[in-house]
Amino acid sequence: MNDIYQLAIRPLLFNAVKADPEKLHSSTIRTLYWLSDICYSPSTRWVNQRLRHSFCLFDKRLEQNLFGLHFPNPVGLAAGFDKDGVAAPVWGSLGFGFAELGTVTFHPQPGNPKPRLFRLPEDNAALNRMGFNNSGAVDMAHRLTEVRKNLTLPIPIGVNLGKSKITPLEAAAIDYRDSFRLLKDCGDYFVVNVSSPNTPGLRALQDATMLSSILEALSQENLLPQKPIFVKIAPDLELEAISDIIELAFNYKLAGIIATNTTIRRDNLKTQFIATGKSPQEEAGGISGAPVRDRSTEIIRYIYKHSQGQIPIIGVGGIFTAADAWEKITAGASLVQIYTGWIYEGPWMIRRILEGLLVLLEQRGLTSISEAIGIERG
């Protein structure tokens, strides 16, 4: 089935139809919302069974218990795909071991002007300048509260928090805190996103002083039961700044660090022109996919080494194959996330990666994915 996607469906979507990537994404989300709605209905529960049979792979060797949560496998959905959490019930049936919703902001916002999402097919990459378009924390909280009331979800659900565009930088801590307050009971873990390049000034919040104020506000709000909190960082940070964030992670007892977000670098891109008729170098936004793979792995290795393996890492950036996932895990990532790779490789990608990870475990004589974490950190 994966070959059918690669040979027939993807060429049709990417080339013949010339569909606008954002319109195609919106159509996919609507379909997933519909699946979420019917998967658990008594009369159509068989749909969920068929999805799980097709896309899921269950094996004890892939399971982990981390920061108080059970992960059936280490491959998760990265933030940015399901911004409003409309498909929360279905991600576990598509093979994912966890899913991260958002980015959500306290205030609803439309995001940046369109077009704002572009494919770079020759690079297995995407360029986006979405700008945290979402319906806001109140809307997500209402939706997820209803889901939690009616369902027991099979995988951990994370919530990625961003700063509202209308909120000045000096009030960012309050903005993040207010979103967290609304959503605390809805998510299994939370992520402070201070690394998107598409909200003016946001990356300045990675500065140790400014990030500290955000983490302080969240820690005061994160009373029992405490939720695991992560910080998501950019691949463009200098190592000294990453060291500062590692120190903050220890000081505030964070659950971990997500490495990394999209990059603003444009090195060695093969795609010469995108849908606007301009080159990627001329367009604003962050690059995801294969171009960020090596840098994100380098940062994972750095964090693991300098924290002596004491800070859990979720690795994201350029994962298309089991070998890509294995590289990040053996560099020090406890979990990995995908987004762009799923678009390019199709919905059977998760199962293929999990099958490949099991082969790699057997080749190394390991009995659990947790044994592979950091074994080739360099």
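Phe 180 has a relative accessible area of 0% and is therefore buried, a term that denotes under 20% relative accessible area, with exposed set at over 50% and partly exposed in between (1.4 Å probe, protein chains only). The model is predicted, so that local features need pLDDT of at least 70 and side-chain atom pairs count only at pLDDT 80 or more, whereas totals for chains, interfaces and linings use all residues. Residues are numbered from 1 along each chain as its sequence is written, and side-chain values use heavy atoms, with hydrogens and water left out.

Phe 190, at 1% relative accessibility, also counts as buried. Aromatic pairs were assigned where the ring centres of Phe, Tyr or Trp (its six-membered ring) lie within 6.5 Å; planes under 30 degrees apart are stacked, those over 60 edge-to-face and the rest tilted. The count by this rule is 14 aromatic pairs. In one of them, Phe 81 and Trp 91 are edge-to-face because their planes stand at 90 degrees, with the ring centres 5.6 Å apart. Both residues lie in the loop between strand S3 (75-77) and strand S4 (98-104), 10 residues apart, and both are buried. Phe 180 and Phe 190 form another edge-to-face pair, at 4.9 Å centre to centre and 80 degrees between the planes. Since Phe 180 belongs to helix H5 (residues 172-183) and Phe 190 to strand S8 (residues 189-193), this pair ties together parts 10 residues apart in sequence. Helices (H or I, at least four residues) and strands (E, at least two) are DSSP runs numbered from the N terminus. One aromatic cluster comprises Phe 67, Phe 71, Phe 98, Tyr 189 and Phe 230.

Nonpolar cores were defined as sets of buried Ala, Val, Leu, Ile, Met, Phe, Trp, Tyr and Cys residues joined through side-chain atoms within 4.5 Å. The largest has 91 residues, of which Trp 91, Leu 183, Val 192, Ile 233 and Leu 357 touch the most other members. Helix H11 (residues 349-364) gives the most to this core, with 8 residues. A second, separate core of 13 residues includes Phe 98, Tyr 189, Val 191 and Val 316.

Strand S5 (residues 117-120) is covered on both faces, with Leu 117 and Arg 119 buried on one side and Phe 118 and Leu 120 buried on the other. S5 pairs with strand S6 (residues 125-128) in the antiparallel sense over 4 bridges, pairing being assigned where DSSP finds at least two bridges between two strands. Leu 117 stands opposite Asn 128 in S6. The two strands form a hairpin with 4 residues between them, and Asn 124 in the turn has a positive phi of about 50 degrees.
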